[in-house]
Every structure is written in structure tokens, then in C-alpha cells.
Amino acid sequence: MTLGVREHVQESSRADILEAAANCFMERGYTETSIDDVARSLGATKGRIYHHFRSKADIFAEVFRVGMEMNYAAIEPYRAMSDPVARWRHMAFAHAIQMITTKPFQRTVWVGVKMHLRGATTPEQRSVFAELIEYRSNYGNVFRKTLVEGRESGDFRFDDLSIANQLMFVVLNSPIFWYSPRVGETRADIEDLARKVVTAAYRGLGGKEEPSAP
């Protein structure tokens with residue numbers, strides 16, 4: 001089940017703004033997106049947006065936060081699984097589905113990380129972004145812990161944990177760069193695509209056998 005923005009934002013008007021903003025940030029980037037752009041995309045006035053958010057930076061931070069909340073919620077049902085490979089497989093599949101079905105939010109998270117790494121945030125933004133980056137890092141650590149357990153069980157074969165974890169996310173996150181919905185695409189098509197992404201990541205981790213479908 002894909003968890004959308006409305007499961008994480010109680011007020012529908014606020015959720016609509018975040019969805020419009022996420023699409024604008026994905027299409028134009030942070031710098032080139034204005035409150036006017038978000039308002040036009042939403043078919044609303046700037047006043048409606050300012051009723052909920054003080055600035056573009058506040059909207060951006062909230063899109064980032066909601067994107068990560070959706071990811072956490074997607075993997076939560078599988079975090080207690082005892083078998084590390086089965087746990088990884090289910091979490092990886094849920095993550096890949098999120099990259100496809102909530103692409104504008106996930107692309108915004110990526111933009112936010114790049115801004116943080118470049119030091120392209122204002123002093124006011126830095127403390128907020130530091131918290132968001134930590135939130136994202138903790139999410140990555142859930143997978144990192146699973147990789148350690150999978151290597152200890154002999155199911156994964158890799159040397160450097162940090163490199164393996166980074167490369168795994170490069171593969172799992174890749175749909176935010178190349179995926180576009182196709183005419184007539186079904187949920188089954190999306191799940192098949194996600195499984196192919198997961199298989200590519202699994203092979204990169206030195207998985208000893210092909211992962212079975214979640």
C-alpha cells in the first residue's frame with residue numbers, strides 16, 4: 001500500500017499546497033520556484049499559501065519532512081522481521097515504490113540534501129535542515145543495520161559497509177531521476193518495475209541468490 005501525503009497531513013488545503021509545491025520543486029528546482037509558481041500550479045492565490053506557510057523555505061522544509069515521513073511509514077510494517085534478507089527485501093521494495101509513486105516529494109528530499117551539502121541554505125534554514133538531514137540519516141541507518149545482519153548471516157557479500165549502503169540507495173533512489181508514468185500503466189506495472197530496481201540493488205550487495213518477490 002502506498003502512503004500518500006494526505007495520510008501525513010491532516011488538513012486537505014495544506015496537503016494540496018504541499019503536492020503543488022513538490023511538483024514545482026521537482027520541475028524547477030528550489031531557486032527557480034516562487035510562491036507565485038506554487039499558487040499558479042494550485043490555481044489559488046498567494047494569500048491561501050501564506051495562510052499556511054510563512055515562506056517558500058518553510059514549504060520546502062515541510063515537503064522534505066513529509067517525503068521522509070512517507071518513507072518511514074512505508075517500511076515500518078517490515079522493520080521487526082527476524083530474517084534480515086526478507087526484511088531488507090520488503091523494505092527495499094517499499095522504498096522503491098515510494099520513489100516511483102511519490103516522486104515529486106522524494107526528488108525534493110534529494111534537492112534538499114544537495115543544498116545542505118553545498119552549504120546553499122540560509123542561517124535560518126540551517127538548523128531546520130540539520131534536523132531534516134538527521135531524520136533522513138536515521139532512515140538510512142535502518143537499512144544499514146539490516147545490511148550488517150545480512151552480511152553476518154552470509155546472505156550479503158560486500159567489503160565496505162558505507163560504500164555498500166550508499167550504492168544501494170543510488171540504485172533504490174534512481175526512479176526519481178528516470179521514471180515517468182506511462183499511458184495505461186497499472187499498479188502491477190509499477191510493482192514489476194520496483195522489483196527490477198530491488199533486484200539490481202540486491203545483486204550489488206552480493207546477494208547469494210535471486211531475491212523472491214515481496
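Biologist: Is Tyr72 buried or exposed?

Modeller: In this predicted model, Tyr72 has a relative accessibility of 15%. The cut-off for buried is under 20%, so Tyr72 counts as buried.

Biologist: How are the rings of Tyr72 and Tyr135 arranged as a pair?

Modeller: A search of the whole structure finds twelve aromatic pairs. In the pair of Tyr72 and Tyr135, the ring centres lie 4.6 Å apart and the planes meet at 20°. Planes under 30 degrees apart count as stacked, so this pair is stacked.

Biologist: How many residues apart in sequence are the parts that Tyr72 and Tyr135 tie together?

Modeller: Tyr72 lies in helix H4, whereas Tyr135 lies in helix H7. The pair therefore ties together parts whose separation in sequence is 63 residues.

Biologist: What separates Tyr139 and Phe143 along helix H7?

Modeller: Tyr139 and Phe143 form a tilted aromatic pair, with 5.5 Å centre to centre and 55° between the planes. Tyr139 is buried at 3% relative accessible area, and Phe143 is buried at 0% relative accessibility. The two are four residues apart in helix H7, so what separates them is about one helical turn.

Biologist: Which residues are closest to the centre of the largest pocket?

Modeller: The largest pocket holds about 620 Å³ of space. Its lining is made of 26 residues, with twelve nonpolar, eleven polar and three charged. Closest to the centre are Val113, Arg136, Gln166, Phe169 and Asn173.

Technical notes: Residues numbered from 1 in each chain as written. Predicted model: local features only at pLDDT ≥ 70, side-chain atom pairs only at ≥ 80, totals over all residues. Heavy atoms only, no water. 1 Å grid on protein atoms, 1.4 Å probe; cavity = no way out; pocket = protein on both sides within 12 Å on 5 of 7 lines; lining within 4 Å. Points joined across faces, edges and corners; volume = space filled by probe spheres on them. Nonpolar A, V, L, I, M, F, W, Y, C, P; charged D, E, K, R; others polar. Phe/Tyr/Trp six-rings, centres within 6.5 Å; stacked < 30°, edge-to-face > 60°. Buried < 20%, exposed > 50% of the residue type's maximum accessible area, 1.4 Å probe, protein only.
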